[in-house]
Amino acid sequence: MKIFDSRKTEYKSIVSAIATEEEVRLRIVVPRSLGCTGATLAVCKDGEETVYYGMFWAGMCGDDNEFWELHFSATTAGLYFYHFELDTPWGKSFIKNIGNGCGDFSIDGSEFQQTVYDKNFKTPDFLKGGIIYQIFPDRFYCSGEKKENVPNTRVMRKWGDEPFWHESQMNGLWNNDYFGGDLKGIEEKLDYIKELGVSCIYLNPVFEANSNHRYDTADYEKIDPLLGTEDDLKSLCKKAEEKGIGIILDGVFSHTGCDSKYFNLYGKYDSVGAYNSRKSPYFDWYKFIDYPNEYQSWWGIKLLPEIIEENESYREFICGKNGVLRKWLRCGISGWRLDVADELPDVFLDDLRKAVKAENENAVIIGEVWEDATNKFAYGERRRYLLGEQLDSVMNYPFADAVLNFVKYGGAESFFDSVMSIIENYPPCVLNVLMNHIGTHDTERAITRLAGENSEGYGRDWQHEHNKLSEEAYQKGVTMMKMASLIQYTLPGVPSLYYGDEAGMQGMKDPFNRGCFPWDAIDKELHKWYKRLGEIRNGCKAFKEGSFVPVFSGYNVIAYKRVSADNQVLVAVNHSTDMFDVYVGAEWDNSYNLFAPVSKDGYIRLSPNEFALLTK
């Protein structure tokens, strides 16, 4: 019998963040032989003094243990840390977190975390139970419409060729090769996207910029001409909505391009940029050190001058009643993904949420945060992204790492520890709309990361040499992708599919992960698999808001349930080299099996690298 386990309802009635004024029952099991005469819950709200709450004796647990418990609630949102203290004939004993949510006698253990969010916090319903499809616009599909007035700095490439990756190919201009993908092209492929079960498309930046990735914004109020027009975006949003698909745009608000109407380093724009004059309306937006040539830039990249997001003029421009956020929401988009959200200060994120929700309360705000977003430190302080006044969701890198590491290396216990840590700390309304990817424009392609060599520490020359998998490695990768995507599609949150992963696209890091979609060479096996996963998600209500219940972990085998009021789903994965019988309980014996393995006498027999998906 454990003393305390924050991940089991026998000890903690709510295994997640709690709302303000919501009560959670905390229970510890203390050995009778300890002679405990009193138990206390010690709680410290982040940055404040510790408060002590007396617990009450709640009866015996067998002959040798006793229960102590209390109900805890908080009136204000924030991060609370706690442990337990016992009064014994031998002095104080401390029960702290020794890992995996387990509490035991320890002076050096860590504190348990309890996130408390605003009780009025709601997240958009349209994402729940759905699927996100991420598109790098230049590389998805070209409508064939003629591109007019292409700047002479842009190199137009043949569809399907390898993206420029070596300095010698770029004539001193990085990321200047384009393949002609456009908004009309995406609109033409909406049926294809819908067949994958997709309910939301996330587009990498579409505003005018001078790099193919467009993270160096040149004009927030204009669609990049190579992608189309504002009317093209409106048309895409309208046609997508007719198919039950929302469109999310990428908002890059921590920096602009130096070659932009706001900074105007090269004098290409008619505007008076911050670089051109101290009297520029944009001068106060930037952080000049020695005007005009020395200024703070994003990660030291001089092409990307940093913005002072606290600046009132800038905040009005982005978040005002006629600002950038509302302009594009009025064009029909369904929300924003915020680039480097952890580099945006609270005052900006507060204004951003107010603007977005005032325009459309069901629009979503997803932040790029790579760590646990509930306890992240940035700007020298604890951030409050998910307490109810800023983000709705984040890109779920902890889940991505958990899935990919399990499928590549094994480790059932560490997989569950990573997953349960997020489930414990995040508000349920956030958990249900988390952006669960296993690959993006910032990482290796999932199949390459799973079946290829580790690229960490290697430059582009090495990555280029190892960019394509051998046939044997590729076939192994397909099997691993099926396992990884099954887990990805069945965890709490919303799976995000990076364009082309379903087609078998390979690639190391940028720019190798940003190739053209292989419309004439789609891997039919993988494509069929992803369509089937889409059908399963859309057919099982448990994926919308169902709870997550671990069933088994060990020997590189995992099993878990998703449970809602009228639907249950069970997932079991054997990532070992041996046949394994997973005990899941006799109640699953008559369930419907979506893949071959079934439950018999409470056991599912799985061959090596086999998985099961049951529903009832």
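In what order do the strands of the open sheet of eight strands run? The order is S25-S22-S21-S18-S15-S12-S27-S26, with parallel pairing. This is a predicted model, so local features need pLDDT of at least 70 and side-chain atom pairs count only at pLDDT 80 or more, while totals for chains, interfaces and linings use all residues. Residues are numbered from 1 along each chain as its sequence is written, and side-chain values use heavy atoms, with hydrogens and water left out.

**Sheets**

- A quick word on terms: strands (E, at least two residues) and helices (H or I, at least four) are DSSP runs, numbered from the N terminus, and two strands pair if DSSP finds at least two bridges between them.
- In general, strands of a sheet pair through backbone hydrogen bonds, either parallel or antiparallel.
- Back in the open sheet of eight strands, the edges belong to strand S25 (393-394) and strand S26 (435-437); each has a single partner strand, so one side of each is left without a neighbour in the sheet.
- Elsewhere in that sheet, S21 (residues 335-338) and S22 (residues 364-367) pair in the parallel sense over four bridges, and Leu338 sits opposite Gly367 of S22.
- There's also an open sheet of three strands, ordered S31-S34-S33, and here the pairing is antiparallel.
- Its edges are S31 (580-583) and S33 (599-600), each with a single partner strand, so one side of each has no neighbour in the sheet.
- S33 pairs with S34 (residues 603-606) in the antiparallel sense over two bridges, and Lys600 has Tyr603 of S34 as its bridge partner.

**Pockets**

- On a 1 Å grid over the protein atoms alone, a pocket is an open set of points where a 1.4 Å probe fits, with protein on both sides within 12 Å along at least five of seven lines; lining residues have an atom within 4 Å of a point.
- Grid points are joined across faces, edges and corners, and a volume is the space filled by probe spheres set on the points.
- The largest pocket holds about 1,300 Å³ of space. Of its 37 lining residues, Asn175, His213, Trp298, Ile301 and Leu304 are the closest to its centre.
- That lining splits into 13 nonpolar, 11 polar and 13 charged residues. Here Ala, Val, Leu, Ile, Met, Phe, Trp, Tyr, Cys and Pro count as nonpolar, Asp, Glu, Lys and Arg as charged, and the others, Gly among them, as polar.
- The second largest pocket has about 820 Å³ of space. It is lined by 31 residues, and the closest to its centre are Arg7, Val15, Met420, Phe548 and Pro550.
- Helix H9 (412-425), helix H10 (428-431) and strand S28 (547-554) each give at least two residues to the lining of the second largest pocket, with S28 supplying the largest share, seven residues.
- By class, the lining of the second largest pocket has 14 nonpolar, eight polar and nine charged residues.

**Thr40**

- Look for Thr40 in strand S4 (residues 38-45).
- Thr40 is buried, with a relative accessible area of 14%; buried means under 20%, exposed over 50% and partly exposed in between (1.4 Å probe, protein chains only).
- Leaving aside neighbours within four places in sequence, Thr40 is in contact (heavy atoms within 4.5 Å) with Tyr52, Tyr53, Met55, His83, Phe84 and Glu85.

**Cysteines**

- The structure holds zero disulfides, a disulfide being a pair of cysteine sulfur atoms within 2.5 Å.
- Cys36 is buried, at 11% relative accessible area. Its closest cysteine sulfur, in Cys61, is 14 Å from its own, too far for a bond.
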